[in-house]
Amino acid sequence: MAALSYLFALSLLCFSLAAQALNTPDPKCSATNDHGSDLQVFHVYSPCSPFRPAQTLSWEEDVLQTLAKDQARLQFLASLAGAKKSIVPIASGRQIIQSPTYIVRAKIGTPPQTLLMAVDTSNDAAWVPCNGCVGCSSNVFNSLKSTTFKSVGCGAPQCKQAPNPSCLGSTCSFNMTYGGSSIASNLSTDTLTLANDVVPAYTFGCIQKTTGSSVPPQGLLGLGRGPLSLLSQTQNLYKSTFSYCLPGYKSLNFSGSLRLGTVGQPIKIKYTPLLKNPRRASLYYVNLNAIRVGRRIVDIPPSALAFNPTTGAGTVIDSGTVFTRLVTPAYEAVRNEFRRRVGRKLPVTTLGGFDTCYTAPIVVPTITFMFTGMNVTLPADNVVIRSTAGSTTCLAMAAAPDNVNSVLNVIANMQQQNHRVLIDVPNSRLGVAREQCT
């Protein structure tokens, strides 16, 4: 009996120590790691993220789910690129889900309340779930506890800048769609704190009701070029300049960074001009002139890469889409040369939307995006995805789906990982430099 009691006590001690270990916060996740105007950027599956899956998915399940979410993201971008208002078309019979995959720590209110907000370079206004919200997550911003919170009146200039504004009594409200979700918000102002920077009277949407599952649980910080974006509201502070480095999927325990303002930006960096689509000026269009696979520039019809503001055609840099999508003629040219360089004798398999996968070891050729004034050569980690066991390797790009605007090329976040992407709006340019995110 004494031995059994000893074993039982030892088991309880081990269980207690394990529970304490699980509840001990990772020092890498601490808010003290935000410095000055540098914010940590976590991948959504990072141990620091509350949005990581509750259950571990197999590699195949993870890839297929990510592809499904990317389809919706592309549909969202296509709606922004065209001549229509920024309303996402809802396809019949399918759920449209958007998946912002990187988050930063932001604080709102006085005293500050911390939220992990998704960062999105293709959206403008910020919005957060607020107290009393119907359909929101349990982690909301409580406006009643902030001494600096104010509602924006219908006559305020910001009201005209909100998407689809309306008046609810004397308060300015707006409705919008995001992926498969609808959002009803009251336009509000409060103090926004990013790292050590305090932005008073920041305008954002205080969500009162949402439907669907596409809305980021703790809100979104828009990094586009519209009037309610972070860039527009902090012009005096950040000079409409920022850069980011996104950590790779394999680096779940470290974070990248969102660098705000002109100070500390890389000096040795090449630029390409930013292009403007007057129908949706927030998107970051660039001129993609050609694509090289290995040493060969592949044969792509000029029309597949040409910028056309009327149709929304062209190439955008986007932080929310995971895998790069190219219009069909461009993708097929890249894919065919990729297959040729890997070796025609190796059998090619498919996985979901990926049509170029291998179950044997391969030598991955580089892929170079040739922009006006700048070439970006991607190493293997930005070109292919590999299963955890390494038994399957897929080209991590695909053709633009037929059911969305098929004329839009999207350079996605997997191809941007471990690169510093610098956006300099006053000088209308975008720079890229290789950088290991730590």
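In which strand does Thr-393 lie? In this predicted model, Thr-393 belongs to strand E24, which covers residues 393-395. The relative accessibility of Thr-393 is 7%, so this residue counts as buried, the limit for that class being under 20%. Leaving aside residues up to four places away in sequence, Thr-393 is in contact with Thr-356, Cys-357, Tyr-358 and Ile-362, and also with Val-384, Ile-385 and Arg-386.

A pair of aromatic rings is described by the distance of the centres and the angle of the planes. The structure holds 8 such pairs. One of them joins Phe-141 and Phe-204 in an edge-to-face arrangement, with 6.2 Å from centre to centre and 75° between the planes. Phe-141 is located in the loop between strand E4 (127-134) and strand E5 (150-151), whereas Phe-204 is part of strand E9 (residues 197-211); the pair therefore ties together parts that are 63 residues apart in sequence. Phe-141 and Phe-204 are both buried. Ring pairs also bring in Phe-149, so that Phe-141, Phe-149 and Phe-204 are linked into a cluster.

Phe-242 and Tyr-244 form another aromatic pair, this one stacked, at 6.3 Å centre to centre and with 25° between the planes. Phe-242 is buried, because its relative accessible area is 0%. Tyr-244 is likewise buried, with a relative accessible area of 4%.

Definitions and conventions: Residues numbered from 1 in each chain as written. Predicted model: local features only at pLDDT ≥ 70, side-chain atom pairs only at ≥ 80, totals over all residues. Heavy atoms only, no water. Helix = DSSP H or I, 4+ residues; strand = E, 2+ residues; numbered from the N terminus. Buried < 20%, exposed > 50% of the residue type's maximum accessible area, 1.4 Å probe, protein only. Contact = heavy atoms within 4.5 Å. Phe/Tyr/Trp six-rings, centres within 6.5 Å; stacked < 30°, edge-to-face > 60°.
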